[in-house]
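Please open the model in a viewer and keep the sequence at hand.

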Amino acid sequence: MNTLDIRPLTDEHPFGARIGGVTRDNAADEDVRQKLRDVFWDRGMIVFEDIEQSEDMQFALSDVFGPPQVYAIKGLSIDTGKRQGIINIGAREGEGTIVEFDGRRRAGHVPWHFDACYVPKLNRAGVLRLVSNPPEGGMTGFADGVQMYQALSPEWQAKAASLSVIYYQYNMQQNQRFGMPDDWQLIQLQEMAQTLSEASKDIPRSVHPAVWERKTGEKVLHVSPWQADGIAGQETSEGDALLEELIQQMYAVMKPYWHDWKTTDMLIWDNWRFLHSAGGYDPQYGRDVRRTTIQGDYGLGCLLEEWKDRAAAPA
Ligand SMILES: [Fe+2]
């Protein structure tokens, strides 16, 4: 255990940790594994510094937190010849999605979201490693739902706690409906994103609570602007305006941490608690990012049709 060097993420953020000293050897030790899981639960995201950069290490680290989820999305999985479960979420130069807003054109930008909001089962976590990054930009932002809930006004805390949000996988990139910059423009859509978008039209929508409570009592504001499609039971212009206002309230109070990657890092975040965003980079560059996904389910999501059945059932 004394081989681990555990520090706060920054002096300013009430979440996150940095840990040095994790190796494939000690990641097999049950005391070390439990310590890493405890820090993960408590702090919500961990930057593992100066860690071996290999698929074996990424799998060994991911396994500490749970079994990997295999994505059956064509073009996303990398066949390592050993195990499935690593996906490449980067893009080669010139091939990524390019957008423009706030007067700047950028490749690889992904708005604030939690992963898999558009299905009932929320995976536990993601583990990222960068094989290559552009010379500047390419940062990943993390916003803590515990921090955001606590920073909301009591009025908005109560309002948010009464809402369930509908998510639709189709509402990505050019179809995002909520929380968009006014001057946002799509310049180029990555081929894989186009394929995903087409394939997702008929996928049924899901619902997740806007606020949920962890077993340790903290309330989490957990609203993904990306892929949000309305408020369950209030799919009206008033309901849409309320969701947009909630998202703007959330943007106003969030105090995200932006990670400036080193190629000696790996990073895990709690997908039940955090939103994340990719800041993007100059479109002349590419980026190679590898993600493993940890299986899980917090048990609070459902399909919209199930939500409607429950809402219609007698109390
Ligand atoms: Fe993501």
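Begin with the open sheet of four strands, whose order is E7-E18-E9-E16 and whose pairing is antiparallel. At its edges lie strand E7 (110-113) and strand E16 (257-259), each of which pairs on one side only. From one strand to the next, the twist averages 15°. Please note that this is a predicted model.

Next, select residues 140-144, which form strand E9, together with residues 274-278, which form strand E18. These two strands run antiparallel and are joined by five bridges. Within this pair, display Asp144: its bridge partner in E18 is Phe274.

Now move to strand E7 and select Val110, which is found there. Is Val110 buried or partly exposed? Val110 counts as partly exposed, because it has 18 C-beta neighbours inside 10 Å, whereas a buried residue requires 20 or more. Apart from neighbours within four places in sequence, Val110 is in contact with Ser277 and Ala278.

Finally, return to the whole protein, which comprises seven helices and 20 strands. Its C-alpha atoms fill a box of roughly 55 × 45 × 35 Å along the principal axes. Among contacts with a separation of 6 or more, 82% involve residues 24 or more positions apart.

Technical notes:
Residues are numbered from 1 along each chain as its sequence is written. This is a predicted model: local features need pLDDT of at least 70, side-chain atom pairs count only at pLDDT 80 or more; totals for chains, interfaces and linings use all residues. Two strands pair if DSSP finds at least two bridges between them. Axes are lines fitted to C-alpha atoms, for helices over the stretch in contact, and angles run from 0 to 180 degrees between N-to-C directions. A residue is buried if 20 or more other C-beta atoms lie within 10 Å of its own, exposed if 12 or fewer, and partly exposed in between; C-beta atoms are placed from the backbone. Two residues are in contact if their C-beta atoms, placed from the backbone, lie within 7 Å.
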